[in-house]
Structures are given as structure tokens and as C-alpha cells.
Amino acid sequence: MTVLPHAELHLHLEGTLEPETIFTMAERNRIDLPYADVADLSSRYDFSDLQSFLNLYYANMATLRTAADFAEMTDSYLARAARGGVRHAEVFLDPQAHVTRGVALEEVMDGVTTALACSLERHGVSSGLIVAMLRDHSAESAMQTLDAVLTLGTPLLGIGLDSAEVGHPPSKFVDVFAKARAEGLHVVAHAGEEGPPSYVWEALDLLGAERIDHGIRCLEDDRLVHRLVAERVPLTVCPLSNVRLRVVADIADHPLPTMLAKGLNVTINSDDPAYFGGYLDDNVTAVRDAFGLDQATLTTLATNSVDASFAEPSRRTALLAEIASAT
Ligand code: ADE
Ligand code: ZN
């Protein structure tokens, strides 16, 4: 199902590893998986919360060993995303999750950046990389990671903050985000997924976050909503993720319509599509069908995604023209 041209702004590359790919890579790298087969693995995708998902997400990364594995993962995502209408992608990568299990940072970055470098030519998707810091690791580890990717000279759009949210407030990472900003990088942060609205305030005030990933719990704080609306801070919302991780009970209970009605700058994204039941087009289709969204609203969501991206001005203009001509 193709939807209007979009920019995808909240996508974890490691969350695009499909069960079949996990088995192919495990075989190639001679890694024993603790699952009988693809069906057995897939049967474990019934998550109770963010942590229950993260446990499986990190475990399955063990199958990624070589630059070729990272390149294949990235290229497969770009191909699938392009088929669903994605025309620009700003993707997250969790280097700490690979380096801590003995994979060289060079191997990780080489694979991902090689695939991203030809994304426009191969798939018609412009792209950029956001290195996400694991908030349940130390601030020192995040600083070492930033220093290491800067030393490598990896082409980088910015840094983000992800992993287990509750108990790991943005305030823990003030120094690393200040350094990233001083280096001219963009900064974004997951906040208000499972964590409280105070984490969104901290991400804005202490980290200088330009976008908030998820952010749906902002609705519990009227003053915060007022600020987000006034400053047009983009919120990268992931509806199917929110259902699968039980942030909301059902797609029909998702606060997207309320967020739009309040004038929040919402975009639709897929988060970890291989785990949550769909890519960007599936997410757009799910909310369109659940809420009967009209064409004007779908156009707003697509336009918001391009406006909220860090794409070059000429690329933004081209994508906005594509959206306008498709409606
Ligand atoms: N890492 C991968 N997916 C994530 C999510 N939805 N929230 C926090 N960290 C993540
Ligand atoms: Zn995420």
C-alpha cells in the first residue's frame, strides 16, 4: 500500500531485522539462536512493555557481525520503505549495542554508511544517520561513543537518546548533548513514550532537542502541550509501536486525533517495523482507517514529516512539491 510521499524520522535500523533475516544472518555467522524456527521467534513478539521488547531486540542483534550484515540490514529497510512511500529517511543506529558485544565500531559504521550513501541512487530515498545513545548505559559511555564516531569521521546528521526510558531522564546526558550541539550536530531525544512529561521538558530545556521522539505523554501536561504547539516542536509518533508496547490499549484509543486537534506538530513513523507489525505505510494506513482521516489530514501528516526533517532546503522543496502534486 503506497501512501503520500513521506520523510521517516523515527526508525531504528536494528528494528528492521525481519525474523527470516535473523535466521539467515545467524546461519551465515554460525550463531546458535535460542529459537526453533521463524515461527517460534515470531511467536515471541507479544510484548508487555518497552523492556520486554528491548530484551528481544538486543538479543537478536547478536546475528549482526560484519559490515556486510549492517549494509544488508540498511539496504533492505530502504528498499521496503521506498515501496511504501518513504522518500527521505533519518535513521537511528545503536552503536553501543554492537561495540559492547565485541563488534568493531568501524565495521558497524562502514556497513551502515555504505548503504546510506547510495540510498538516493538505488531507492530514490535521501537519508541521514542519527547515532542514538542508550540511556540505560552511563553518560561516560555515551560521551565515548560520540567521541569515537567523530574521530572515525562518520557522516552524521545528529545524535538521539533511546532504550529503557523510565529511571533514565534526559538530564543524565546534558554534557554529551552539549558537545554534539557544539560539533554542529542535530539533537533529538525519545521522551514521553513510557516516561513522564517532565522528561519532555528536560529533553527540550536541558538537551536542546529539536524533535521529540514519541512524546505522546505530553498530553498529561497542558503547559507542555502549549509550549510544544507554540514552538511547533515535531513529535515523531509511532502508532503501531504504541499499541504493541501497550502504551495504548488499542489503535482506536491512540491519542493521535487529540494531538492533531490541539495543533501539535505530529509526524507518523514506524519505530521498529519488523517487531511492531508494519512499516511507515502500514502505520499511516492504520491511523487512517481507525480514525477515518480525510485527505487534508493525510496531507498535513506528510507535509509535517518533510517540514520536521533535517533534509537540505532543495530536497525539502522537491518533496513538498511531490506531496502537493500527489494530492
Ligand atoms: N529502541 C528501539 N526502539 C525503541 C523504542 N520504541 N523506545 C526506546 N528505545 C528504543
Ligand atoms: Zn524509537
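Which helix does Asp 69 lie in? Select Asp 69 and you land in helix H4. Helices (H or I, at least four residues) and strands (E, at least two) are DSSP runs, numbered from the N terminus.

Before moving on, note the ground rules. This is a predicted model, in which local features need pLDDT of at least 70 and side-chain atom pairs count only at pLDDT 80 or more, while totals for chains, interfaces and linings use all residues. Residues are numbered from 1 along each chain as its sequence is written, chains are lettered from A and ligands numbered from 1 in the order in which they are written, and side-chain values use heavy atoms, with hydrogens and water left out.

**Stop 1: Asp 69**

Stay on Asp 69. Its relative accessible area is 0%, so Asp 69 is buried. Buried means under 20% relative accessible area, exposed over 50%, and partly exposed in between (1.4 Å probe, protein chains only). Now show its contacts, meaning heavy atoms within 4.5 Å. Neighbours within four places in sequence aside, Asp 69 is in contact with Met 25, Arg 28, Asn 29, Thr 63 and Leu 64. Next, draw a C-alpha distance from Asp 69 to Leu 11: it is 18 Å, across 58 residues of chain.

**Stop 2**

Select residues 19-28, helix H1. Pro 19, Ile 22, Phe 23, Met 25 and Ala 26 are buried there. Their cover includes helix H2 (38-42), helix H3 (50-60), helix H4 (67-83) and helix H14 (273-276).

Step to Arg 30, in the loop between H1 and H2. Arg 30 is not a glycine, yet its phi is positive, about 55°. Is Arg 30 buried or exposed? With a relative accessible area of 79%, Arg 30 is exposed.

**Stop 2: the zinc ion**

Select ligand 2, the zinc ion. Along the chain the spacing is H-x1-H-x177-H-x80-D.

Check the angles. The four donor atoms subtend 82 to 173° around the zinc ion, so the arrangement is irregular. The rule: four donors count as tetrahedral if all angles lie between 85 and 135 degrees; four count as square planar and six as octahedral if opposite donors are over 155 degrees apart and all others between 65 and 115; anything else is irregular.

His 10 and His 12 are both buried. Asp 271, at 2% relative accessibility, also counts as buried. Asp 271 lies in the loop between strand S8 (265-268) and H14. Its phi is near 65°, a positive value in a residue other than glycine.

**Stop 3: the nonpolar cores**

A nonpolar core is a set of buried Ala, Val, Leu, Ile, Met, Phe, Trp, Tyr and Cys residues joined through side-chain atoms within 4.5 Å. The largest holds 100 residues. Select Phe 53, Tyr 77, Ile 212, Leu 228 and Tyr 275, which touch the most other members.

Centre on Leu 228. Beyond its neighbours within four places in sequence, Leu 228 is in contact with Val 200, Leu 204, Cys 218, Val 233, Leu 235 and Leu 264. A second, separate core has five residues, among them Phe 92, Ile 130, Ala 132 and Phe 310.

**Stop 5**

Glu 210 sits in the loop between helix H10 (197-205) and strand S6 (211-214). Glu 210 is partly exposed, with a relative accessible area of 31%. Its contacts beyond four places in sequence are Leu 185, His 186, Val 187, Val 233, Pro 234 and Phe 310.

Glu 231 is in the loop between helix H11 (222-230) and strand S7 (234-237). At 47% relative accessible area, Glu 231 is partly exposed. Its C-alpha is 9.6 Å from that of Leu 264, 33 residues away in sequence.

**Stop 4: helices H16 and H17**

Finish with H16 (residues 295-307) and H17 (residues 313-326). Their axes come within 10 Å and cross at roughly 175°. That makes H16 roughly antiparallel to H17. Axes are lines fitted to C-alpha atoms, for helices over the stretch in contact, and angles run from 0 to 180 degrees between N-to-C directions. Angles under 35 degrees count as roughly parallel, over 145 as roughly antiparallel, 65 to 115 as roughly perpendicular and the rest as oblique.

Show the side chains. Thr 299, Ala 302, Thr 303, Val 306 and Asp 307 in H16 meet Arg 316, Leu 319, Leu 320 and Ile 323 in H17.

Note on methods. Donors = N, O, S within 2.8 Å, 3.2 Å for Na, K, Ca; no water.
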